[in-house]
Amino acid sequence: AADRAVTCGNVAIYPERRLVTVGGVPVPLRVKEFDLLLALAENPGIVFSREKLLDIVWGYDFAGETRTVDVHVAHLRHKLKGMSPPIETVWGVGYKLDPH
């Protein structure tokens, strides 16, 4: 479908339109925030290291700059208030989005 949604809990992501909704309400995201959320949502339950997320979302080795991922996750958590399930921190590893 031209406008398939990737859904996880009450979050729907429409890649073609670069649109995210929480409980049906659109939430404006920046490019990297959107890409980060999509990477997590397309792989539910998978724990991604910060390095892996840098590779997927930023597309190159951002050596030593894993704080960039933390900052973007913090922005996502703030913007997607009411998001269920939340983006989980897996201590010592990275992040995941687990719908169960």
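Predicted model: local features only at pLDDT ≥ 70, side-chain atom pairs only at ≥ 80, totals over all residues.
**Salt bridges and a sheet**

Arg 50, Arg 67 and Asp 70 are joined in a network of salt bridges. In total, the structure holds six salt bridges. Side chains of opposite charge can pair when their charged atoms come close. The paragraphs below start with the sheet and then return to the charged pairs.

Four strands make up an open sheet, arranged in the order 1-2-3-4, and their pairing is antiparallel. Strand 1 and strand 4 (25–26) stand at the edges with a single partner strand each, so one side of each has no neighbour in the sheet. Strand 2 and strand 3 run antiparallel and are joined by four bridges. Ile 13 has Val 20, in strand 3, as its bridge partner.

Helix 1 lies across strand 1, strand 2 and strand 3. Relative to strand 2, helix 1 runs at about 115 degrees.

Arg 18 lies in the loop between strand 2 (11–14) and strand 3 (19–22), while Asp 35 is in helix 1, so the pair ties together parts that are 17 residues apart in sequence. Arg 18 has a relative accessible area of 41% and is partly exposed.

Lys 79 is in helix 3 (residues 67–79), and the pair links distant parts of the chain, 46 residues apart. Lys 79, in contrast, is partly exposed, with a relative accessible area of 30%.

Another salt bridge is formed by Glu 42 and Arg 4, with 3.5 Å between the closest N and O atoms. Glu 42 sits in the loop between helix 1 (31–41) and strand 5 (48–49), whereas Arg 4 belongs to the segment before strand 1 (6–8); the two residues are 38 apart, and the pair links distant parts of the chain. Glu 42 counts as partly exposed at 40% relative accessibility. Arg 4 also counts as partly exposed, at 38%.

Conventions: Residues numbered from 1 in each chain as written. Heavy atoms only, no water. Salt bridge = Lys/Arg side-chain N within 4 Å of Asp/Glu carboxyl O. Buried < 20%, exposed > 50% of the residue type's maximum accessible area, 1.4 Å probe, protein only. Pairing = 2+ DSSP bridges. Contact = heavy atoms within 4.5 Å. Axes fitted to C-alpha atoms, helices over the stretch in contact; angles between N-to-C directions.
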